[in-house]
Structures are given as structure tokens and as C-alpha cells.
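Reader: I would like to learn how to read aromatic pairs and surface charge. Where do we begin?

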Amino acid sequence: MSRFEGVVVSDHWLQSQFTQVQLRSLKSKFIALKNQNGQVLVGDLPALLVKLKPFSEMFKEDEILEILCASGFDTSNEVDFEGFLRAYVTLESQAATKSGDLKSPTSFLNETTTTLLHTIDESEKKSYVAHINSYLRDDPFMKQFLPIDPATNALFELARDGVLLCKLINVAVPNTIDERAINTKRILNPWERNENHTLCLNSAKAIGCTVVNIGTQDLVEGRPHLVLGLISQIIKIQLLADLNLRKTPQLLELVEDNNDVEELMGLAPEKLLLKWMNFHLKKAGYKKPVTNFSSDLKDGEAYAYLLNVLAPEYGSPATLDAKDPVERADLVLSHAEKMDCKRYLTPKDIVEGSANLNLAFLAQIFHQRNGLSADSKNISFAEMMTDDAQMSREERCFRLWINSLGISTYVNNLFEDVRNGWVLLEVLDKVSPGSVNWKQSTKPPIKMPFRKVENCNQVIRLGKQLKFSLVNLAGNDFVQGNKKLILAFLWQLMRFHMLQLLKNLRSRSQGKEITDADILKWANKKVKITGRTSQMESFKDKSLSSGIFFLQLLSAIEPRVVNWNLVTKGKSDEEKKLNATYIISVARKLGCSIFLLPEDIMEVNQKMILMLTASLMYWSLQQSNDETESSPSSVAETPEGSPEPSFNGDDDNHMGPEISNLSIDDVASDTTVTSMTGHDDTSL
């Protein structure tokens with residue numbers, strides 16, 4: 001079980017300037033800077049600070065030294081970790097002044113949470129509270145805490161147990177979390193609270209949220225700017241869920257030529273929302289195109305025209321005749337309310353150009369009445385353009401995995417967004433640092449087609465260096481959007497990343513590569529050592545569809561995590577789905593970052609089964625390493641889970657000892673397993 005801990009700073013204000021993720025990262029960098037005497041001098045800091053992302057493009061090393069000296073730091077003095085943090089904050093302040101950007105970024109999906117300025121927008125908070133009160137008011141557990149008063153900090157206090165955020169994720173994308181895995185006691189201990197937040201963050205990644213700068217400790221502490229930023233992303237995903245051709249094929253009406261359909265499919269949901277709005281505004285005779293959710297909507301005119309087109313029966317000439325923008329905005333909201341749009345923003349929010357709230361309001365209007373015709377030809381064409389279920393699941397998995405890596409580009413449509421090669425280069429640089437030659441790469445927007453081919457050719461070269469199977473694959477295949485080849489390449493890339501993570505954790509591997517056979521052997525040995533007889537022959541073993549083996553594996557690596565009273569025998573499809581859903585949530589609750597769906601387990605998708613097993617192995621080895629490095633007294637006792645019933649002729653309640661630091665040498669050489677090299681159904 002992962003321990004509930006964080007980096008503690010004696011100065012509470014200073015600690016509040018950083019997330020736990022940042023504190024851990026900065027502390028490791030600071031420790032690495034110590035000299036032979038175990039000291040760090042102020043004069044040593046510029047060489048480290050200049051390499052950090054917030055400052056690398058803004059300052060030179062001598063400029064940083066000058067700033068620190070001007071702020072009262074003596075270069076010859078020793079500095080402790082808190083002094084280093086103060087130097088960081090000082091430099092961060094100078095960076096903000098130098099860039100002239102004193103506004104905290106919006107919490108949209110393609111932007112990570114920042115800690116430069118910890119202000120929260122009270123209007124947004126009020127809007128999100130209203131959303132939560134509306135959608136969770138009938139929840140059996142949450143209704144005892146609702147409604148939340150937006151005038152207080154009750155939202156952040158309630159979020160500290162993690163239940164609220166987990167429930168909100170399920171509102172946004174139903175069935176993402178198996179609610180049986182959420183700890184819902186009225187009073188939770190630190191372990192249970194930490195489990196809920198771990199489940200929340202891994203599930204948030206699995207629906208497309210960017211959470212690279214948020215740790216469980218940050219949510220436990222109820223840090224307002226981080227909690228609000230995460231809630232904003234979750235709600236946005238819910239509100240924009242219908243803005244795609246699969247859910248709303250009528251969107252094809254927005255393009256005049258079928259050749260423009262691919263461009264439409266590649267648009268981010270918010271861009272698609274603007275395109276939809278402009279489509280109706282053009283019909284209404286509104287002359288100015290709306291290009292953003294802020295300044296272009298401040299006067300309320302665009303809203304007035306849009307609503308008059310969508311719901312003319314509720315319209316009034318007074319809206320456009322109003323001279324005062326606040327009065328017009330109020331009339332717009334009254335019009336929208338008659339269309340059953342919830343009033344989550346105020347006239348003032350419209351006039352002040354609140355981007356997040358305007359986007360939410362516009363998405364609500366789209367959801368209530370999009371004004372598009374249900375042309376059967378368009379619907380048939382849209383169905384033809386969308387992918388089959390298997391391809392869609394793989395596209396979803398790889399897209400979410402890429403977005404979880406924290407690269408600068410947010411991927412909305414995998415097959416469209418990788419065609420210029422840039423995203424693939426970013427991913428390659430993440431999984432194999434330093435491998436990309438950025439001087440020979442072209443950053444989007446890219447107008448010249450041959451530049452896209454150059455990017456993709458470099459992707460192919462790097463893939464070959466990593467020993468991927470790329471027979472008959474050229475950069476132009478990516479540019480042309482060959483879906484089968486794109487998926488095959490990304491599978492090999494994802495698999496390589498996981499195997500590298502495992503290799504780096506195996507301290508006794510002596511540089512030996514981790515193989516699929518090693519992962520299979522590890523899983524079977526883990527289950528066997530607990531006295532159970534279940535084994536998997538390969539990652540396509542049909543018996544895995546019941547889910548029992550993975551539940552036994554989860555119980556083997558963390559005995560308390562599986563509640564066997566909730567487990568079915570996995571005989572019928574319904575029972576298999578219940579088990580599969582539970583497996584995914586329990587794995588995320590432990591700390592596994594996984595992106596498969598229950599159907600992948602039920603159908604025994606070979607690739608996804610391998611990634612699930614590898615993720616569990618990675619988590620287990622992390623705990624073994626942590627326990628080796630920690631004194632016994634630092635690990636709290638945790639209660640045992642419920643005893644396991646007999647599904648496969650096993651005796652009840654076989655709980656054996658954990659395997660610690662399993663060596664590559666322990667892996668039997670006679671294990672046979674299909675090597676997952678991107679062949680099978682997506683062979684190159």
C-alpha cells in the first residue's frame with residue numbers, strides 16, 4: 001500500500017506556493033546539487049534554476065545570479081531546501097513581471113494547473129457549486145452534504161475526502177469509476193482518503209483531464225486553486241461530451257463539402273462549438289465572427305442573435321435594442337432559461353468576458369437546442385466516417401495515454417493530431433529523452449506539406465532506433481492518416497515506455513531488458529505464492545475474461561484492496577462486466593495509470609491485458625523499492641481485506657508473503673508467450 005506522505009515545509013505560506021508533485025521534484029533536484037560536504041551554496045543555484053522549465057527560456061544563468069543577489073542572497077552562504085524554494089519563488093515573480101503576464105491561465109483541458117498566482121475566480125466557484133448541487137442532489141451518499149453554500153469554503157472541505165470528485169467524474173463520463181471501489185464512510189482515515197484521491201486522479205486522466213501538477217496530498221489539503229482547476233476540467237468534459245460526430249452526426253451540416261469533414265473531425269470540442277455558433281450567426285445576419293469565449297461575447301449581441309435563431313418563440317426585440325450591456329446580458333440569460341438552460345453565470349460574468357463560464361453556457365445551449373437538421377444522409381455519412389468499436393477503443397487508450405504524459409500539445413483527435421508528426425516527436429522525447437533532433441523538426445502550424453513528412457520521417461528513424469517493427473512504413477503514411485499503421489506504431493511506443501519504466505525499477509536487472517515473458521512469469525508467481533492455483537497461459541488466455549485472475553493478482557500485491565464480497569463468479573457477460581469494472585477501479589485506486597475499458601478485459605484484448613499486468617507489476621515493484629528504502633516504523637499497519645471465496649477450487653483466505661525485488665534471474669526461461677511487437681491485428 002502506498003504511504004500517505006508529502007514534503008513538509010515549516011513555512012506554511014511557502015508550502016502553499018507549490019504542489020506536492022513540484023515539491024518532491026524540486027527536493028530531489030536540490031539533493032542532487034549537494035557537494036561532497038553535503039552542502040549547497042547560493043552560488044550553486046543559478047546552474048540548476050536555469051534548467052528548470054519556467055525559467056529556461058526567460059533567463060540566462062548570470063541573470064538569475066544577479067536577481068538572487070539583488071534580492072539579498074549571498075552567493076557564498078549555504079542554503080537549505082526552504083531557502084532554495086524562496087529563491088524559486090523570487091525568480092518566479094521576476095518571470096511574471098518580465099513576461100507581463102499577471103493573469104493565471106484558464107483551467108481548460110490543454111493547460112496544466114499553475115501555482116504562480118493562487119487566486120480563484122469566485123464567479124466560477126459559484127457556477128461549479130451550482131452544477132454540483134444540481135447533478136449530485138439525488139446521489140444517495142452526497143445528498144446529506146448538499147446543497148453546498150458557494151459563499152463559504154464548504155466546496156474545498158467536502159472535496160478533501162475525495163468522494164465528491166469521484167462522483168463528479170462519474171457524472172461527466174458515466175461508469176468511469178466503479179462506485180463500489182470508493183471509500184464512502186462518513187469519517188475516513190488518511191489511508192482511505194488517500195485511496196479516494198488516487199482513484200480520482202487516475203480516473204481523471206482516464207477521461208482526458210490534465211493532472212500532471214496535482215498530487216493526492218494537494219487534494220487532501222483542499223487547495224482551492226487546484227481543486228477548482230480539476231473540477232473545471234471535469235465539468236468541461238461533461239458539457240462538451242456531445243461535440244463530436246459519433247454523438248452528434250448532425251454536425252456535418254457545418255461543412256459544405258465532404259472534403260472538409262476530416263478538418264471538422266480534427267477540431268477540438270471548443271473550436272467545434274465556436275464553429276457551430278458562427279454557423280448560426282451567419283444565418284442570422286450577424287457580421288462579426290466569434291473567435292473566442294471572452295471579448296467577442298462581452299456585449300451580448302452574439303448571444304442575442306444566436307438565441308433568436310435557435311428559439312425565436314422566446315425572443316424579444318428589447319434584447320438587441322438594449323443599450324446597456326449588462327441589461328442585454330440579463331435578457332439573454334432570461335431567454336436561455338426559457339429554453340431550460342440552467343443559470344450558472346450572471347450578466348456580469350458575460351460582460352466581464354469570463355471564458356470558462358461563457359464556454360459552459362454556450363455548451364448548455366448546444367445541448368438543449370443545437371438547431372441542426374437530422375438529415376439522414378448526413379447521419380449515414382457520419383456513421384461511415386467513425387471507426388469500429390475496437391479501433392475506437394484503441395484510439396481512446398493511446399490518446400489518453402499521450403495526454404497523461406504532460407507534453408505541451410493536447411490531443412483531441414488522435415488520427416488527425418499526429419499527422420504533422422509533432423505530437424509523435426513530443427511523445428518520443430518523453431519516453432526516450434534527448435532522442436529527438438529539434439533543430440530538424442518543424443513546430444505547428446505547418447503550412448508546407450513536406451515539413452510534415454520531414455517530422456514523420458524523423459519519427460520513423462527514431463522508431464527503428466528503438467527496434468520497433470516498422471516494415472514498409474514511411475513518414476508519409478502518418479501524414480496520410482493511415483489509422484491502422486498509426487495505432488500499430490503507438491502500441492509499440494506505449495509498450496516500450498512501460499518496459500523502460502519496469503527496467504528502471506528493477507535494481508537487480510543489471511541492464512537486462514524486460515520482456516513480455518517476464519511480466520507473465522511475475523504475475524503467475526505472485527498469484528501462486530499466495531496458495532492459489534489460477535494461472536494465465538498468455539495475454540490472450542480466454543479464461544482471463546472472468547476477471548478472477550486479476551482480482552487474485554490485485555489481492556496478492558495488496559491484500560486489503562479487494563473486497564471479495566463484491567466479486568462475482570464471472571460466468572455471464574453481466575458478471576464479467578461487473579468484475580472488469582471493479583478491477584479497473586481497484587487498480588487505479590492503488591495507483592496504476594491505466595486506460596483500458598471493461599470490454600478489453602471481457603474480450604481479452606491482448607495488448608490491453610499486457611498493459612494492465614505491466615502496470616500492476618510496476619506498482620508492486622515501486623512498493624518493494626519504497627519498503628526497502630524505508631524503516632519498518634515508517635509504514636503504518638493496514639487492515640486486511642475480506643477473505644476470498646473459492647472460485648477455482650482454491651481454499652479460502654490464502655494470504656501469502658509478498659515477493660520483494662524479484663530478480664530477472666528468477667524468471668524461468670521456459671515460459672512461452674506471444675511477443676507483443678505490434679503485429680497481430682495491426683501488423684505492419
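Author: Begin with two residues: Phe55 is buried, and Phe59 is buried as well. Keep in mind that this is a predicted model.

Reader: How is the pair of Phe55 and Phe59 arranged, and what are the values?

Author: Planes under 30 degrees apart count as stacked, over 60 as edge-to-face, and the rest as tilted. Phe55 and Phe59 are 6.5 Å apart, centre to centre, with 50° between the planes, and the pair is tilted.

Reader: How many aromatic pairs are found in the whole structure?

Author: The search finds 14 aromatic pairs. Another pair is made by Trp276 and Phe366, with 5.1 Å from centre to centre and 85° between the planes, and this one is edge-to-face.

Reader: Which parts does the pair of Trp276 and Phe366 tie together?

Author: Trp276 belongs to helix 14 (residues 269-284) and Phe366 to helix 19 (residues 355-368), so the pair ties together parts that are 90 residues apart in sequence.

Reader: Are Trp276 and Phe366 buried or exposed?

Author: Both Trp276 and Phe366 are buried.

Reader: Which residues do ring pairs link into a cluster?

Author: The cluster consists of Phe468, Phe478, Phe489 and Phe496, linked by ring pairs.

Reader: Now the charge. Which residues gather in a patch of negative charge on the surface?

Author: Asp and Glu count as negative. On the surface, Glu61, Asp62, Glu63 and Glu66 gather in a patch of negative charge. One of them, Glu63, sits in helix 5 (residues 61-70).

Note on methods
Residues numbered from 1 in each chain as written. Predicted model: local features only at pLDDT ≥ 70, side-chain atom pairs only at ≥ 80, totals over all residues. Heavy atoms only, no water. Patch = residues over 30% accessible without salt bridge, like charges linked within 9 Å, V, L, I, M, F, W, Y side chains within 5 Å. Areas by Shrake-Rupley, 256 points an atom, 1.4 Å probe, with all protein chains shown as cover. Salt bridge = Lys/Arg side-chain N within 4 Å of Asp/Glu carboxyl O. Charge placed at Lys NZ, Arg CZ, Asp CG, Glu CD. Helix = DSSP H or I, 4+ residues; strand = E, 2+ residues; numbered from the N terminus. Phe/Tyr/Trp six-rings, centres within 6.5 Å; stacked < 30°, edge-to-face > 60°. Buried < 20%, exposed > 50% of the residue type's maximum accessible area, 1.4 Å probe, protein only.
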